[in-house]
Structures are given as structure tokens and as C-alpha cells.
Amino acid sequence: LIGEERLIAPTFLLDPFILDGGGPILFAAPGRGKSFSVLFWAVSIDAGVSTTLWRVKQAPVLFINLERGRSTVMNRLGAVNRALHLPSTRALLTLNARGKSLADVLPVCRKIVREESIGCVFLDSISRAGVGDLTENQPVNKIMDMLNGLCPTWVGLAHTPRADESHIFGG
């Protein structure tokens with residue numbers, strides 16, 4: 001590895017929140033709108049829709065839903081599409097696997113990322129990863145390793161401890 005002669009500005013899929021090749025984690029207490037927020041981000045990137053809040057570099061998206069039932073996600077997707085002035089029936093590549101863990105669905109996700117040339121993966125939520133107790137560092141590191149191995153750019157949703165919203169639950 002050699003250094004660059006000149007400074008190259010970073011690129012974003014969704015500026016300033018999602019660095020191209022990065023893995024941000026959006027966290028908040030339950031019921032604060034995390035899932036809706038990342039669904040807005042996911043559709044914006046997938047459809048190439050910039051807003052007054054962010055600029056987008058278009059890329060195909062995979063949304064991994066381990067949290068909610070299919071009909072709930074469909075209703076939310078329709079609302080997000082309408083809010084972004086897209087047809088309410090616009091599709092977003094989504095793996096609905098409520099009751100499964102990331103570890104369970106990782107093989108099929110790898111196949112989808114490869115076959116569909118996915119540029120960004122969204123995971124709702126890391127608490128469903130299925131790799132152990134999130135109060136330990138090793139399981140949290142394993143989740144990030146799984147996501148890094150899946151796609152260079154990813155976004156994870158996480159929860160805060162109910163008594164303290166200043167940090168992510170777990171490691």
C-alpha cells in the first residue's frame with residue numbers, strides 16, 4: 001500500500017450520513033423512527049432521489065428486515081415512496097425474514113448482493129443478528145465483520161439501553 005500524492009475527498013452514497021465503503025449504525029430508543037429513517041435512506045439511494053436533507057449517489061439496495069412482518073414493511077414502503085414522490089408501488093429489494101437471524105440468512109444475502117450488484121445493505125436490526133449477547137464486544141465485532149464481508153457499504157439499526165439513550169445497546 002502506498003500513500004496518495006493528493007488528498008482525495010471521500011464519496012458518499014447518502015451525504016453526509018453514509019460514506020461509500022462505510023458502515024454507520026443508526027441508534028435510538030425504541031419507537032423513535034429509526035426504521036422509517038433508514039427506509040427513507042434506502043429508497044433514496046436505490047431510486048437515486050436527493051432531498052433537501054441529503055444528496056444521493058444511486059446504487060442498488062438490499063433491505064434485510066429481521067424485525068417486522070412483511071405487511072408492516074409494505075405499508076411503510078408505500079408511505080416512504082409517496083413522500084419521496086415515487087409511485088407508492090415502487091419495489092425495494094427486501095429480504096423479509098422475521099424470526100430469523102442475520103446468521104441464518106447470510107448465505108442467501110451473499111448470493112443476492114453478488115447477483116444483483118448491491119451497493120448498500122440495510123439491516124433492521126443488529127439485535128437480531130444471532131451471534132450472542134450484545135453486551136459483549138466479540139458478538140458486536142462479529143456482526144460488523146459479517147456486514148463488512150457482505151457488502152462494502154452497509155447501515156445497521158441498533159437500539160439503546162432503555163435507561164440511557166447516549167449509546168448503543170451492547171458492546
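## Contacts of Leu92

Contact here means that heavy atoms lie within 4.5 Å. On that basis, and leaving aside its neighbours within four places in sequence, Leu92 is in contact with Leu39, Ala42, Val43, Asp46, Val61, Phe63 and Leu77.

This is a predicted model, in which local features need pLDDT of at least 70 and side-chain atom pairs count only at pLDDT 80 or more, while totals for chains, interfaces and linings use all residues. Residues are numbered from 1 along each chain as its sequence is written, and side-chain values use heavy atoms, with hydrogens and water left out.

Helices (H or I, at least four residues) and strands (E, at least two) are DSSP runs, numbered from the N terminus. Strand β5 (residues 61-65) is mostly covered, five of its five residues being buried, where buried means under 20% relative accessible area, exposed over 50% and partly exposed in between (1.4 Å probe, protein chains only). Both faces are covered, with Val61, Phe63 and Asn65 on one side and Leu62 and Ile64 on the other.

Two strands pair if DSSP finds at least two bridges between them. β5 pairs with strand β7 (residues 120-124) in the parallel sense over five bridges, and the bridge partner of Val61 in β7 is Cys120. Strand β6 (residues 94-96) runs parallel to β5 and is joined to β5 by three bridges, with Asn65 standing opposite Asn96.

## Nonpolar cores

A nonpolar core is a set of buried Ala, Val, Leu, Ile, Met, Phe, Trp, Tyr and Cys residues joined through side-chain atoms within 4.5 Å. The largest has 24 residues, of which Ile18, Trp41, Ile45, Leu92 and Phe122 touch the most other members. At least two residues of this core come from each of β1 (12-15), α1 (34-47), β5, α2, β7 and β8 (154-159), and α1 gives the most, with six residues. A second, separate core of 23 residues includes Leu62, Ile64, Val105 and Cys109.

## Aromatic pairs

Rings of Phe, Tyr and Trp (its six-membered ring) pair if their centres lie within 6.5 Å, and planes under 30 degrees apart count as stacked, over 60 as edge-to-face and the rest as tilted. By this rule there are two aromatic pairs. Phe17 and Trp41 are stacked, at 5.3 Å centre to centre with 15° between the planes; Phe17 is partly exposed at 41% relative accessibility, whereas Trp41 is buried at 10%.

Phe63 and Phe122 are also stacked, at 6.3 Å centre to centre and 25° between the planes. Because Phe63 lies in strand β5 and Phe122 in strand β7, this pair ties together parts that are 59 residues apart in sequence.
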